[in-house]
Amino acid sequence: QHQFPLSSPDEIDPSQYHYQECGCINGNSSNVQFVDKGIWGSNSSYISKTKKLTITYLIPHQNVTGGMKMLLEQMKLLQKRGHIVQAAFRGPTESSVIPLWSNFKPDKEILLSLSS
């Protein structure tokens with residue numbers, strides 16, 4: 001298992017991310033390696049030079065669940081990649097948008113009233 005970001009795109013082993021039925025030619029085509037290196041952090045690839053996105057997540061609840069942990073982790077990773085991450089939550093006035101058990105800080109918090 002890799003730790004991300006990789007220090008070098010040469011650390012990528014396409015055989016770990018592809019399988020016979022994935023549509024790639026045995027997971028060894030140059031296109032597959034180009035895409036993998038772009039996704040996993042090569043600074044020289046076209047994919048890593050895409051513009052920043054502004055992404056807004058609607059937080060469904062404040063409970064500790066596996067789904068919420070994964071949602072917040074995805075938000076954290078997108079923010080780490082340079083994207084603008086916003087979080088919206090529908091709750092009572094003075095509610096926290098991000099669950100109190102999480103240490104994630106979005107770029108913007110949006111608290112929606114219960115009546116809207």
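Predicted model: local features only at pLDDT ≥ 70, side-chain atom pairs only at ≥ 80, totals over all residues.
Residues are numbered from 1 along each chain as its sequence is written, and side-chain values use heavy atoms, with hydrogens and water left out.

The protein contains two helices and three strands, taken as DSSP runs (helices are H or I with at least four residues, strands are E with at least two) and numbered from the N terminus. Along the sequence these elements follow the pattern α-β-α-β-β. Of the 116 residues in the protein, 28% are buried; here buried means under 20% relative accessible area, exposed means over 50%, and partly exposed lies in between, with a 1.4 Å probe and protein chains only. Among contacts (heavy atoms within 4.5 Å) with a separation of 6 or more, 47% are between residues 24 or more positions apart.

The three strands form an open sheet in the order β1-β2-β3, with parallel pairing; two strands are said to pair if DSSP finds at least two bridges between them. At the edges of the sheet are β1 and β3 (108–112), each of which pairs on one side only. On average, neighbouring strands are turned by 20 degrees against each other, direction ignored, where axes are lines fitted to C-alpha atoms (for helices over the stretch in contact) and angles run from 0 to 180 degrees between N-to-C directions. Five bridges join β1 to β2, and five bridges also join β2 to β3.

Phe 89 is buried, with a relative accessible area of 9%. Leaving aside neighbours within four places in sequence, its contacts include Leu 58, Ile 59 and Pro 60, as well as Ile 110, Leu 111 and Leu 112. Pro 60 is 29 residues from Phe 89 in sequence, but their C-alpha atoms are 6.9 Å apart in space.

Helix α2 comes next. Its 15 residues should span 21 Å at 1.5 Å a residue, and its end C-alpha atoms are 21 Å apart, which agrees; the expected span is 1.5 Å times one less than the number of residues. The buried residues of α2 are Met 68, Leu 71, Leu 72 and Met 75. Seen down the helix axis, these buried residues fall within an arc of 90 degrees, so they line one face of α2, the arc being that of the directions from the helix axis to the C-beta atoms. An α-helix has 3.6 residues a turn, so residues three or four places apart point the same way. What covers the buried residues of α2 includes β1 and β2, whereas the face turned away from the buried side carries the exposed residues Met 70 and Lys 80. Just after α2, Gly 82 takes a positive phi of about 105 degrees.

The largest nonpolar core has 13 residues, and those touching the most other members are Tyr 57, Ile 59, Met 75 and Ile 98. Such a core is a set of buried Ala, Val, Leu, Ile, Met, Phe, Trp, Tyr and Cys residues joined through side-chain atoms within 4.5 Å. Two or more core residues come from each of β1 (54–58), α2 (66–80) and β2 (84–90), and α2 gives the largest share, with four residues. Not counting residues up to four places away in sequence, Ile 98 touches Ile 59, Gln 62, Leu 72, Met 75, Ala 87, Phe 104, Pro 106 and Glu 109.

Val 64, in the loop between β1 and α2, touches Lys 69 and Trp 101 when residues up to four places away in sequence are not counted. Glu 94 lies in the loop between β2 and β3 and is exposed, with a relative accessible area of 74%. Its phi is near 75 degrees, a positive value in a residue other than glycine. Most residues other than glycine have a negative phi.
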